[in-house]
Amino acid sequence: MNSLVALVLLGQIIGSTLSYMVKEEDMNCNSKAAKYRADQAVRYINEHKLHGYKQALNIIKTFHLLPPERFTTVFYLKLNLLETECHVLDPTPVENCTVRPQNNHAVEMDCDVKINFNFEFFKTEIFVKCNSTPDSVENVQRNCPKCPILLPPNDPHVINSVEYMLNKHNEKLSGHVYEVLEISRGQHKYEPEAFYVEFAIVEVNCTAEEAHDDHHHCRPNTAGEDHIGFCRSTVFRSHASLEKPKDEMFESDCVILHVKKGHSHSHLIQQHIGKYNISPGHHNTVLNLAHSHNDTRASQESHSDECVVECPVAFVKKEVPTHIPHHTHPVEGCPGKVHHFKL
């Protein structure tokens, strides 16, 4: 009992000390405390994101510490993130991922984050609401008139190019058949005209003949390693019609992602393919995220063809405040420094 009382008192002391330290000394967007909480949120987002690419911290826009209630300290942040070139299935740590440059039609993500830290039980809850937006075509072409422009993942050129490159990939393999798991990016290139695509693939338990049989249902191999890949391909086109590629020139690089057994790829596969039906293209989705050390949930709710890259992220259990509570005030030193670039 004495040990329990001591632990609770220690938690109160640590929580109170943390609150005052952050409130008095570290309440600015360039502080170590702000960076620690921002990194915590970005790590959570990347671990639970079901589509597209990992995100890197770009700007801490606001950082607030709300008055503690019943052993809980609440942090509220607004973050600006940038898309990296690492797919969410890629096990590469985000610190080692390249942020997609502006001239490659960059994509930013703005997030509202609420972090509850219970210093009685040392439990953290993170709630995130994000909206992803690509840079405008005008901005891209203003700075680089011949740079490739993003296309919707369901664009016929994109889908046809992906299917063409998948067939080329499967033709050179022996005893392995892959199908499309997600089309994550498509771009129109100029001089020479080409379509650039990035897509994730998954190995299925079919022969090549079975894979081309509409009546045969192929199931993805999810157990073990080395069943998921990621391709970056360019299909050069001599014309701009909607005719499917045939005997076109191309460049392609497909790599196997060494995803460990038990990693999040199993539920990602189910999100993408539903009941063993491989998606021919990318589903833009609304993700519902809620997390604590004792409870992790993720679900899909809706689709929209209007989103170019990704639709907003929302919650399962609680809503992040839509405004800063009246008893807080603007913090000096916010927004913080720009780690990469502003769109």
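These points go through the predicted model, from its overall make-up to a few single residues.

1. Overall make-up. The protein has 6 helices and 12 strands. Of its 343 residues, 49% are buried. Taking contacts between residues at least 6 apart in sequence, 71% join residues that are at least 24 apart.

2. Aromatic pairs. The model holds 4 aromatic pairs. One of them joins tyrosine 53 and phenylalanine 230: the ring centres are 6.3 Å apart and the planes stand at 90°, so the pair is edge-to-face, given that angles over 60 degrees count as such. Tyrosine 53 belongs to strand β1 (residues 53-69) and phenylalanine 230 to strand β8 (residues 228-236), so this pair ties together parts 177 residues apart in sequence. Tyrosine 53 and phenylalanine 230 are both buried.

3. A further aromatic pair. Phenylalanine 117 and phenylalanine 122 are also arranged edge-to-face, with 6.3 Å from centre to centre and 65° between the planes. Phenylalanine 117 has a relative accessible area of 11%, and because this is under 20% it counts as buried. Phenylalanine 122, at 38% relative accessibility, is partly exposed.

4. Charges over rings. Tyrosine 53 and phenylalanine 117 come up again here. The charged end of arginine 100 sits over the ring of tyrosine 53, at 4.8 Å from the ring centre. Over the ring of phenylalanine 117 sits the charged end of arginine 37, 5.7 Å from the centre.

5. Helix α2. Arginine 37 is one of the buried residues of α2. This helix covers residues 32-48, 17 residues in total, and spans 24 Å from its first C-alpha to its last, close to the 24 Å expected at 1.5 Å a residue. The other buried residues of α2 include Ala34, Ala38, Ala41, Ile45 and His48. In an α-helix there are 3.6 residues a turn, so residues three or four places apart point the same way.

6. Strands β1 and β2. In β1, 13 of the 17 residues are buried, so the strand is largely enclosed by the rest of the structure. β1 runs antiparallel to strand β2 (residues 72-87), and 12 bridges join the two. Leucine 57 stands opposite leucine 81 of β2. The β1-β2 hairpin has 2 residues between its strands, and arginine 70 there takes a positive phi near 50°.

7. Histidine 105. This residue is found in the loop between β2 and β3 (107-118). Is histidine 105 buried or exposed? With a relative accessible area of 2%, histidine 105 is buried. Beyond its neighbours within four places in sequence, histidine 105 is in contact with residues including Arg100, Pro134, Asp135, Val140, Ile149, Arg185 and Gln187. Arg100 in that list is the arginine whose charged end sits over the ring of tyrosine 53.

8. Asparagine 167. Asparagine 167 lies in helix α4 (residues 156-171). Its relative accessibility is 39%, which makes it partly exposed. Asparagine 167 and tyrosine 178 are 11 residues apart along the chain, and their C-alpha atoms are separated by 8.9 Å.

Conventions. Residues are numbered from 1 along each chain as its sequence is written. This is a predicted model: local features need pLDDT of at least 70, side-chain atom pairs count only at pLDDT 80 or more; totals for chains, interfaces and linings use all residues. Side-chain values use heavy atoms; hydrogens and water are left out. Rings of Phe, Tyr and Trp (its six-membered ring) pair if their centres lie within 6.5 Å; planes under 30 degrees apart count as stacked, over 60 as edge-to-face and the rest as tilted. Helices (H or I, at least four residues) and strands (E, at least two) are DSSP runs, numbered from the N terminus. Buried means under 20% relative accessible area, exposed over 50%, partly exposed in between (1.4 Å probe, protein chains only). A charge sits over a ring if NZ of Lys or CZ of Arg is within 6 Å of the ring centre and within 35 degrees of the ring normal. The expected span of a helix is 1.5 Å times one less than its number of residues. Two strands pair if DSSP finds at least two bridges between them. Contact means heavy atoms within 4.5 Å.
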